Amino acid sequence: MDLNQLGWDAFFAGPFQPFREAGLAPARVVTEHRGGYRVVCAEGELAAEVTGRFRFDAPSPAHFPAIGDWLAVEVFASEQKAMIHAVLPRRTKFSRTEAGGGPAEQVLAANIDGVFIVAALGVDINPRRIERFLALAWESGAQPAVVLTKSDLCDDVPAAVRAVTAIAGEIPVHVVSNVTRKGIKALRSSLRPANTVVLLGPSGVGKSTLINHLYGDDFLPTLPVRESDQKGRHTTTERQMLQLPSGALIIDTPGLRELQLWEGESGIEDAFADLAALAVGCRFTNCRHEAEPGCAVRAAITTGKFDSARLASHRKLQLEAEHFASHKQRAQADQRRRLKSAGHTSRSALKAKGRR
C-alpha cells in the first residue's frame with residue numbers, strides 16, 4: 001500500500017521519525033467505531049486498538065484516534081491487527097462540543113482538506129444550520145463547500161442557490177441530484193487524488209447515496225426518506241473513509257442532530273465575512289450593532305442590503321463560543337489540578353515504598 005496515495009507527506013513524516021526509529025509503522029484510521037478502529041498501513045488494512053499505556057496517558061477523549069488520523073502503530077501481520085501507540089500531530093480537524101455531555105471536544109474528522117456541507121433542496125433549506133456548519137468548517141482549517149442535493153425535488157433551484165450563496169459568500173455551491181445524477185460529474189471533478197474530504201449534514205440529505213454515485217457503485221447502504229415529512233433515517237452508523245477510483249479520499253459520517261461549537265471564534269468571523277466588511281464602516285470599532293449611532297450594519301439592514309436574521313445568528317454563535325470557552329478554561333484548570341494531585345500522590349507512594 002502506497003501511503004502517499006492516502007495523504008502521507010512531509011508534514012507527518014517529520015514527527016513520525018522517532019517512532020520509526022523505535023520500530024513502529026505509520027498507519028491511517030479509515031474506520032472508527034465503538035469497538036476500535038480499522039487502519040491502513042504498508043501491510044494493508046488491519047483491525048487496531050490503542051495500547052493500555054495510550055489509554056492511561058491520553059488527557060481527554062479528543063486525544064484518542066479519530067477518522068483520518070495518522071498513527072504510529074505496532075503491526076502484528078500474522079494476526080491481522082495493530083496496536084496504536086501514538087496519534088501524530090493533526091494538520092486540520094473538524095471538532096464540535098460533545099453532544100449531550102459537558103464541555104468536551106469531539107473530533108469528527110482529522111487531516112481533512114475539504115468539508116462538504118450537505119443540505120437537501122427537497123425540504124426547506126435551513127440557513128442558520130448552514131451558517132453553523134460553515135463556522136466550524138472554517139475553524140477546522142479545511143476548505144468548505146456547500147453541496148445541495150435533491151435538486152429534482154425543488155421547484156425553484158436558482159432561488160434556493162441564491163439564498164445559500166448569500167450566506168456562503170465566495171465558497172463553491174454545488175447543486176446535484178442523486179436521481180437524475182445532474183451535477184455529479186462536476187462535483188467529482190472537484191476532488192483531487194490523495195486529498196481528503198468529509199461529508200457533513202443531517203440524516204436524509206443523501207450523503208451515502210452521493211458517495212455511491214461519486215464512487216460509481218452501490219458501495220454504501222442507503223434507505224429512502226420518510227414520505228410523510230422527507231426526514232432521513234440513519235444508514236451510516238460509523239465514520240469511514242473510502243478511496244474513490246479517482247484517488248480522492250472521502251469520509252462518510254452519521255447524520256448530525258446536534259452541532260455545538262468547540263473552537264469557533266475565528267471560524268465565525270470567516271463564515272460572516274460580509275458582516276465584518278460592513279462593520280468596518282461603523283463609527284465605533286467595538287460596535288455591537290444594536291443601538292449605537294453610526295452603525296453601518298443596522299443601516300444595511302434598514303435598506304435591505306443585509307439580513308437581520310443573519311446578524312441574530314452571528315450573535316447567537318458568538319455567545320455560544322464565549323460560553324464554551326469559559327467552560328473549557330474551567331475544565332482545563334480542573335484537569336491541571338487533578339494531574340498535580342495525581343503526581344503528588346505518586347511521589348508520596350514512591351517515598352513510602354522507599355522507606356519500607
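I take helices and strands as DSSP runs, numbered from the N terminus. With that convention I placed lysine 150 in the loop between β9 (143-149) and α4 (157-168). I note that the model is predicted.

**Backbone entries**

I looked up phi for lysine 150 and found a positive value of about 60°, although the residue is not a glycine. I recorded this since most residues other than glycine have a negative phi. Lysine 150 has a relative accessible area of 14%, so I list it as buried, the cut-off being under 20%.

I located alanine 194 in the loop between α5 (184-189) and β11 (196-200).

**Threonine 51**

I then turned to threonine 51, which sits in the loop between β3 (44-50) and α2 (52-57). Its relative accessibility is 12%, and therefore I count threonine 51 as buried. Which residues does threonine 51 contact, leaving aside its neighbours within four places in sequence? I found Met83, Ile84 and His85.

**Aromatic pairs**

I counted seven aromatic pairs in the structure. One of them joins phenylalanine 12 and tryptophan 70, with 5.9 Å centre to centre and 40° between the planes, and I logged it as tilted. This pair links distant parts of the chain: phenylalanine 12 belongs to helix α1 (residues 10-21) and tryptophan 70 to strand β4 (residues 70-76), 58 residues apart. I found both phenylalanine 12 and tryptophan 70 buried.

I also looked at phenylalanine 54 and phenylalanine 64, an edge-to-face pair at 5.4 Å centre to centre with 75° between the planes. Phenylalanine 54 is in helix α2 and phenylalanine 64 in the loop between α2 and β4, ten residues apart, and I noted that this pair too links distant parts of the chain. Both phenylalanine 54 and phenylalanine 64 are buried.

For the cluster entry, I wrote down Trp8, Phe11, Phe12, Phe16, Phe19 and Trp70 as one aromatic cluster.

**Charges over rings**

Which residue has its charged end over the ring of phenylalanine 11? I found arginine 91 there, with its charged end 4.9 Å from the ring centre. Phenylalanine 11 is one of the residues in the aromatic cluster above. I made a further entry for lysine 81, which lies over the face of phenylalanine 76 at 5.8 Å from the ring centre.

Methods. Residues are numbered from 1 along each chain as its sequence is written. This is a predicted model: local features need pLDDT of at least 70, side-chain atom pairs count only at pLDDT 80 or more; totals for chains, interfaces and linings use all residues. Side-chain values use heavy atoms; hydrogens and water are left out. Helices (H or I, at least four residues) and strands (E, at least two) are DSSP runs, numbered from the N terminus. Buried means under 20% relative accessible area, exposed over 50%, partly exposed in between (1.4 Å probe, protein chains only). Contact means heavy atoms within 4.5 Å. Rings of Phe, Tyr and Trp (its six-membered ring) pair if their centres lie within 6.5 Å; planes under 30 degrees apart count as stacked, over 60 as edge-to-face and the rest as tilted. A charge sits over a ring if NZ of Lys or CZ of Arg is within 6 Å of the ring centre and within 35 degrees of the ring normal.
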